[in-house]
Amino acid sequence: MKFFFSETQMLHQPTQYMVHGKLIHAFENPNRATTLINALQNAGLARHEPPASDLGPVLAIHADHYVDFLRVAHQDFMALPNHGPEVLPNIHAYRGADAAFTPRGKPRPTGIIGRAGWYVGDLSAVIAEGTYASSIASAEGAIAATRAVMGGDAAAFALCRPPGHHAYVDRASGFCFLNNAAIAAQMLRAEAKKVAILDFDTHHGDGTQAIFYAREDVFFGSVHTDPSAYYPHYIGYADETGAGAGEGHNLNLPLSYGADDDTFVEANRRLIDEARKRGAEALVLSAGWDAHHLDPLSKLTVTTAAYSRIGELYGRVDLPTVIIQEGGYSLEAVGAAAEAFMTAYRATRGC
């Protein structure tokens, strides 16, 4: 089984992250990728360099004016007097999306401060000098893994860094800039009438939900920590089931603080059952390791053993599968969980 990663993804090196009113060292840093490379190789996966891709698959998901912003944001911000080292917004627009998450369109402000407040949703999506190049390379990993699966591989892994599931059509949030899982799902739609995206990161994949919320051809299911006092706070509740044609094609399974292995595994089992009921012909997994109790952002009591168990569960799903790396911020937990999951997945799937 192949995994895709480019050294260009190391160029994103943010130095700041706002949490609880304090700017601290960024949790999403290149050390995560180094740890994951070792874990995946230990699990028997073979590393491949993703080839360069045009922006077509990215622009099939993201607004062109948003991608243009990401390309020039750091350069424009550095032209400000008394600027800091990275792009951080200090204002946000009152206007948001509607109940169906319809994209908001291009903003009226032309200055970098107004544009940053429109396109960057929070103070964890820090845009540094190498962020755009790394985000494109991360998306190219997802594109390459998807093409491998469309070419006949049973499954492939995209070691996406920076991650993507908090990225909207036109907004960066939660360490994420381009939504790699959405890009993969849209590509798979060329051959599959129905695609399922199943997300087991401990944070709800709000960007992914928003992108497909009014569509019936992509089912999104997520197991995550209850967002009522947890990121992303405003989205990820059980009563969010889709809009318009997408009604009934969105499923959220929020877990209470302290949820254990059995609860986590059973929720993943339910996601798989619901994807099958809806006739999914291809699968995208948004794989985060931050539900692990050792993760600095985790509120759950999930252990490494649970990742081995869900690796077996997903390994029994005989569908073309693209696995997309999302979160996980304890290097110890990331290495252990990813290796446990992929070892079990490959043993069960036979790939």
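A: In this predicted model, N250 has a relative accessibility of 4%, and because the limit for a buried residue is under 20%, N250 counts as buried. The residue belongs to strand β8, which covers residues 250-255. Apart from neighbours within four places in sequence, the contacts of N250 are Q209, Y213, F219, F220, E240, T241 and G242.

Of its 20 residues, 16 are buried, so α5 is largely enclosed by the rest of the structure. The helix runs over residues 131-150, and at 1.5 Å a residue it should span 28 Å; the C-alpha atoms at its ends are 28 Å apart, which agrees with that expectation. Just after α5, G152 adopts a positive phi of about 125 degrees.

The packing of helices can be considered next. Two packed helices are described by the angle between their axes and by the distance between those axes.

For helix α9 (residues 304-315) and helix α10 (residues 331-349), the axes come within 7 Å and cross at roughly 30 degrees. Because angles under 35 degrees count as roughly parallel, α9 is roughly parallel to α10. The crossing of α9 past α10 is right-handed. On the α9 side the contact involves T304, Y307, S308, I310, G311, E312, Y314 and G315, and these meet A336, A337, A340, F341, A344, Y345, T348 and R349 of α10. Sorted by class, this contact of α9 with α10 contains nine nonpolar, five polar and two charged residues.

Helix α3 (residues 64-78) and helix α4 (residues 112-119) form a further pair, packing at an angle of about 135 degrees with their axes 10 Å apart. The two helices, α3 and α4, are therefore oblique to each other. Here α3 passes α4 in a left-handed crossing. The residues of α3 in this contact are H65, Y66, F69, V72, A73, D76 and F77, which meet I112, I113, R115, A116 and Y119 in α4. By class, the contact of α3 with α4 comprises nine nonpolar residues, one polar residue and two charged residues.

Key:
Residues are numbered from 1 along each chain as its sequence is written. This is a predicted model: local features need pLDDT of at least 70, side-chain atom pairs count only at pLDDT 80 or more; totals for chains, interfaces and linings use all residues. Side-chain values use heavy atoms; hydrogens and water are left out. Axes are lines fitted to C-alpha atoms, for helices over the stretch in contact, and angles run from 0 to 180 degrees between N-to-C directions. Helices (H or I, at least four residues) and strands (E, at least two) are DSSP runs, numbered from the N terminus. Angles under 35 degrees count as roughly parallel, over 145 as roughly antiparallel, 65 to 115 as roughly perpendicular and the rest as oblique. A crossing is left-handed if the near helix is turned anticlockwise from the far one by less than a right angle, and right-handed if clockwise. Contact means heavy atoms within 4.5 Å. Ala, Val, Leu, Ile, Met, Phe, Trp, Tyr, Cys and Pro count as nonpolar, Asp, Glu, Lys and Arg as charged, and the others, Gly among them, as polar. The expected span of a helix is 1.5 Å times one less than its number of residues. Buried means under 20% relative accessible area, exposed over 50%, partly exposed in between (1.4 Å probe, protein chains only).
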